[in-house]
Amino acid sequence: MTIAIYPGSFDPVTLGHLDIIRRASKRFDKLIVCVMVNSSKHPWFTIEERKEMLAAVTKDFQNVEVDSFDGLLVDYMAQNDISVIVRGARNIEDFEAENVMARANKSIAGFAETILLFSDPRYTFLSSSFVKNVGKYGVDLQQYIPPQVIPKMQQKLRDISAAV
Ligand code: COA
C-alpha cells in the first residue's frame, strides 16, 4: 500500500489545494493531508480550525485522512511509514522552492520522494494569503475557497475587524 502525504499550512484550504488533493487521492492508496507548522508564517486559523476545514472539504474522499504535526515532515513520514510527498506547483517560483524543499527533505531522509503536480491553470495565482487579503475588502470568495470554508472565513474576518 502506498501512502502519500500532502503537507502544507492550509490557512485556509483553497480550491487550488482541493484540486491537488482530488488528483493525488486517485494516484495513491491513501493520502494524508497534514497541517504542518511553517515557522515563518503567522496563521489566521488555529491548527484545529484548519484541520476541521480540511476534514469538511475532504469528507467524500474515502482514502483521504487529515492530520497535523508540529515537527519535521520527514519525522512524521518515518513514524507513519510514508515515503511520498505530494506538492503542487503553480509556477516557476513554486518549482524552485519545491526543488529546494524536496532535496532538503531527501538529504535528511533518503526514503522521502517528492512528487509535484502542476496546478490547474485556474489556480496559478491563488494562495491562502490572496484569499485573506481580498476577503478583507469584501471580494466574493466563492471562486477561491470551498463552500464549507466561506462561513469560517466570514467569521474570521468579523473577528479581525472587531479586534482593531
Ligand atoms: N493552489 C493554491 N494555493 C497553493 C497551492 C495550490 N495548488 N499550492 C500552494 N499554494 C499556496 C498556499 O496557499 C500558500 O499560500 P500562503 O503563502 O499565502 O499561505 C503557499 O502557496 C505555500 O503554501 P504551502 O504549500 O501550504 O506551503 P507552506 O510554505 O505553507 O508550507 C511546509 C510548507 C509546511 C510543507 C513546510 O514548511 C514543512 O514541511 N514544514 C515542516 C517542517 C519541516 O519539515 N521543515 C523542513 C522542510 S525542507
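View 1. The shell around the ligand comprises nine nonpolar, 11 polar and three charged residues (nonpolar: Ala, Val, Leu, Ile, Met, Phe, Trp, Tyr, Cys and Pro; charged: Asp, Glu, Lys and Arg; polar: the others, Gly among them). At least two residues of this shell come from each of strand E1 (3-8), helix H1 (15-25), helix H4 (92-108) and helix H5 (128-135). Among the 23 residues around the ligand, the nearest are Ser-9, Lys-41, Leu-73, Ser-128 and Ser-129 (near: a heavy atom within 4 Å).

**View 2. The largest pocket, whose space the ligand takes.** The largest pocket holds about 1200 Å³ of space. Its lining consists of 42 residues, and Gly-8, Ser-9, Asn-38, Lys-41 and Arg-87 are nearest its centre (pocket: on a 1 Å grid over the protein atoms alone, an open set of points where a 1.4 Å probe fits, with protein on both sides within 12 Å along at least five of seven lines; lining residues have an atom within 4 Å of a point). H4 gives the largest share of this lining, nine residues.

**Notes.** Residues are numbered from 1 along each chain as its sequence is written. In this predicted model, local features need pLDDT of at least 70 and side-chain atom pairs pLDDT 80 or more, whereas totals for chains, interfaces and linings use all residues; side-chain values use heavy atoms, without hydrogens and water.

How values were computed: A molecule sits in a cavity or pocket if more than half of its atoms lie within 2 Å of its grid points. Helices (H or I, at least four residues) and strands (E, at least two) are DSSP runs, numbered from the N terminus. Grid points are joined across faces, edges and corners, and a volume is the space filled by probe spheres set on the points.
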